[in-house]
Amino acid sequence: MLWLSKRVAMGSISYDDMGNPIQWKGMDLTWERGRMLKTLAKDGKTWSCTCDAGGNPIEQ
């Protein structure tokens, strides 16, 4: 698959230029430090996760 330099939409999933899904099934996802999920939001509610330097979740 050819990745574009900006967001790529495939069906109902949108990806950022790193290949992380940013929109999926009505949810908005944000990422940090590459592939570490930062937030997931849907219907006005947001779930967030804080990770340590090794990428392990330490707070949800």
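Ser-12 touches Gln-23, Trp-24 and Lys-25, leaving out residues up to four places away in sequence. Contact here means heavy atoms within 4.5 Å. The model is predicted: local features need pLDDT of at least 70, side-chain atom pairs count only at pLDDT 80 or more, and totals for chains, interfaces and linings use all residues. Residues are numbered from 1 along each chain as its sequence is written, and side-chain values use heavy atoms, with hydrogens and water left out.

Ser-12 sits in the loop between β1 (8–10) and β2. Strands are DSSP runs of E, at least two residues long; helices are runs of H or I, at least four residues long; both are numbered from the N terminus. Ser-12 is exposed, because its relative accessible area is 57%. The classes are these: buried is under 20% relative accessible area, exposed is over 50%, and partly exposed lies in between, with a 1.4 Å probe and protein chains only.

Lys-25 lies in the loop between β3 and β4 (27–32). Its phi is near 50°, a positive value in a residue other than glycine. Lys-25 counts as exposed because its relative accessible area is 57%.

Asp-43 is in the loop between β5 (36–42) and β6 (45–48). With a relative accessible area of 68%, Asp-43 is exposed.

Strand β6 holds Lys-45. Is Lys-45 buried or exposed? Lys-45 is exposed, because its relative accessibility is 65%. Lys-45 and Met-27 are 18 residues apart in sequence. Their C-alpha atoms are 9.9 Å apart in space.

Step back to the whole chain. Its secondary structure comes to zero helices and eight strands. From the N terminus on, the order is β-β-β-β-β-β-β-β. Among contacts between residues at least 6 apart in sequence, 0% join residues at least 24 apart. Of the 60 residues, 22% count as buried. The accessible surface of the chain is about 4,500 Å², and carbon and sulfur atoms account for 54% of that. These areas come from the Shrake-Rupley method with a 1.4 Å probe; for residues, only the protein chains shown count as cover.

Next, the buried positions. Asn-20 is in the loop between β2 (13–15) and β3 (21–24). Asn-20 counts as buried because its relative accessibility is 1%. What does Asn-20 touch, not counting residues up to four places away in sequence? Its partners are Ser-14, Tyr-15, Trp-31, Gly-34 and Arg-35.

Thr-39 is in strand β5. At a relative accessible area of 18%, Thr-39 is buried. Beyond its neighbours within four places in sequence, Thr-39 contacts Asp-28, Leu-29, Thr-30, Thr-46, Trp-47 and Ser-48. With Thr-30 there is also a polar contact of 2.3 Å between the side chains. A polar contact is a pair of N or O atoms within 3.5 Å; within protein, one must be able to donate a hydrogen and the other to accept it, and residues adjacent in sequence count only if both atoms are side-chain atoms.

How many salt bridges does a search of the whole structure find? The search finds one. A salt bridge is a side-chain nitrogen of Lys or Arg within 4 Å of a carboxyl oxygen of Asp or Glu. Arg-33 forms a salt bridge with Glu-32, and their closest N and O atoms are 3.9 Å apart. Glu-32 is partly exposed, because its relative accessible area is 24%.

Finally, the cysteines. The structure holds zero disulfides. Cys-49 is in no disulfide, and the nearest cysteine sulfur, that of Cys-51, is 3.9 Å away. A disulfide is a pair of cysteine sulfur atoms within 2.5 Å. Cys-49 is buried, at 5% relative accessibility. Cys-51 is buried too, with a relative accessible area of 11%.
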